[in-house]
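Welcome! Try each task before you read its solution.

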Amino acid sequence: MTQTKRTILKVFIGLVVIVAVVAGVRLWQTLDTSRSNAANDSVTLSQFKSDDLEAIKRGQYVMRLGDCSACHTSGNGYMAGGYEVKTPFGSLYSSNITPDPEVGIGNMTERDFFNAVRQGQGSHGFLYPAMPYTAYVNFTDQDMHDLWAYFSTVAPVNHDIDETQDMPFPFNVRLSLAGWNMLFFDNEGIEPDPQQSDEWNRGQYIVDGGGHCSACHGPRNFLGAEISSLYMQGGNLGEWYAPDITSNPHQGIGDMSKEQIMSYLKTGTDGIAVASGPMAEAIEHSTQYFTEEDLGAIATYLKSIPASEEKAPHPALPVTEKMTLSYEVNCSACHGLEGEGIQGMAPAFTNNNVIRADDPTNLIHAMLKGVRAAHTETVQTAAGMPSFAWKMNDQQVADILNYVRNSWGNTAIEVTADQVGSMRESLGARQKLTEAN
Ligand code: HEC
Ligand code: HEC
Ligand code: HEC
């Protein structure tokens, strides 16, 4: 071997060693569970019954901040799991997290519970990030102790869940999630920012922690991890689109007042938009129960999120006489002749960002399957929108949506019949009854 070759080899080996050491340190940091030392490791959940009423009450509130029941309650009993989460890698079912010792989490100690909720290490190994531990990692020790106290009061349900039964090989191999965590999981809770007010810090704690808002509102990469440079700039969930909620006044919520944001999260409407789909669920199960202070904190924090890049307005698409007529016949009774809606019941189409969003998923969804607004303690009559799948073909649905997206001052890119057709198929919506009209 020549001198140069030897030098190259040495440098190469040196590099390999460095990479291995860095990867090892990173892996160790990602999987480190020493934060859970704050928890008790001797009593299991099925043996434990908290008698601290205040802690239980606080824990119930933390459960609502985290919206645990939205994913863990699904017809099998409260917190008994079985909710299907569709991922690009197959369906995953949420776990039974009642204190049942056989099929629930009754054999977990408080420490195991901390590891599962904040670190993504559950009773069968690494958890899939569909369980939002990447946000719950921000929960404080105090909130976790209270959550544990609350779960000790949940009734055990003996219903077995096989979380990965519909996940094909190799995606059902949990060990691969160690690699995912190494790439994407930040195993440290957020620290309050001393430059910001207490209210702002509380807002960030809820939004990025329990609220896991960016789990829906943030775009993800092909491995299912949130793209941090596009924080809150809108995420497509397949059947729904969670819009941009940065402070951008056109695409985001910059033009919503603090009061409007609070009202939307409390009642499901801000007077213009009416929440549907997964947001209606989040409001029903979770945000309607938040205190005024917490809702105010969320609004303050959201309004401080750096605006997404401003897009040039789209040129208006032409609307025809036929479209206008179809709108008046089919939609105006609820959405108003001028797209003004019925306050608090049917959304207005003017000044409504979701209506003009580049991604029309929610609009097509509403047309094909109908939607129901959130049922909350403040707004008890959850208004409904009927399905038009039986009445309109793909082109007719596209036309009427292009009409509302390009009238009364709105401008937006075209919705195509193909987009409607593929959603009709994926939603399993019915076809138009006859092609006569
Ligand atoms: C967006 C849906 C979603 C939300 C919200 C959610 N979970 Fe989960 N959770 C899941 C899924 C899916 C699994 C199964 C993951 C797996 O098996 O890899 C799971 C698993 C778990 C496990 C692990 C159980 C075990 O036996 O290993 C625990 C504990 C848990 N969740 C607690 C909670 C708590 C507490 C909350 C609220 C603070 C919560 N979850 C909110 C979807 C969710
Ligand atoms: C499970 C997914 C999901 C989660 C979690 C979620 N959202 Fe949403 N959000 C949506 C969807 C979908 C919409 C659009 C609803 C519609 O079209 O009516 C929406 C709409 C909104 C809007 C209205 C935007 C507008 O321009 O009208 C606000 C504000 C909002 N969400 C805030 C939040 C906050 C704050 C959180 C966390 C506490 C949160 N969301 C958590 C899915 C979600
Ligand atoms: C009987 C009353 C009624 C009629 C008729 C009606 N809608 Fe709706 N629509 C509603 C209600 C109520 C909602 C809100 C439901 C929700 O938020 O879940 C809604 C929601 C929507 C949404 C979803 C907005 C969002 O936030 O994602 C769209 C788009 C929509 N309607 C379009 C139309 C069009 C187009 C027509 C005519 C073809 C029409 N609607 C006819 C009552 C109606």
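Helices here are DSSP runs of H or I with at least four residues, and strands are runs of E with at least two. Keep in mind that this is a predicted model.

**Exercise 1.** Find where UniProt places the feature "domain: Cytochrome c", and describe the spans.

Solution. Start with the record: the unreviewed UniProt entry puts this feature at residues 54-155, 198-306 and 316-408. Next, take residues 54-155, where 42% is helix and 12% is strand, with the end C-alpha atoms 19 Å apart.

**Exercise 2.** Work out which residues of helix α8 are buried, and what covers them.

Solution. First apply the cut-off: a buried residue has 20 or more other C-beta atoms within 10 Å of its own. In α8 (residues 198-208), that holds for Gly203, Gln204, Tyr205, Ile206, Val207 and Asp208. Now look at the cover, which includes α2 (53-66), α5 (133-136), α9 (214-217) and α12 (292-302).

**Exercise 3.** Describe the shell around ligand 1.

Solution. Two or more residues each come from α3 (68-72) and α4 (110-119). The most come from α3, which gives 4. Finally, sort by class: 17 are nonpolar, 7 polar and 2 charged.

**Exercise 4.** Describe the span that UniProt labels "transmembrane region".

Solution. The unreviewed entry places it at residues 7-28. This span is 100% helix and 0% strand, and its end C-alpha atoms lie 31 Å apart.

Key:
Residues numbered from 1 in each chain as written. Chains lettered and ligands numbered in written order. Predicted model: local features only at pLDDT ≥ 70, side-chain atom pairs only at ≥ 80, totals over all residues. UniProt positions renumbered as here; feature names shortened; annotations may be inferred. Buried ≥ 20, exposed ≤ 12 C-beta atoms within 10 Å, placed from the backbone. Contact = placed C-beta atoms within 7 Å. Near = placed C-beta within 6 Å. Nonpolar A, V, L, I, M, F, W, Y, C, P; charged D, E, K, R; others polar.
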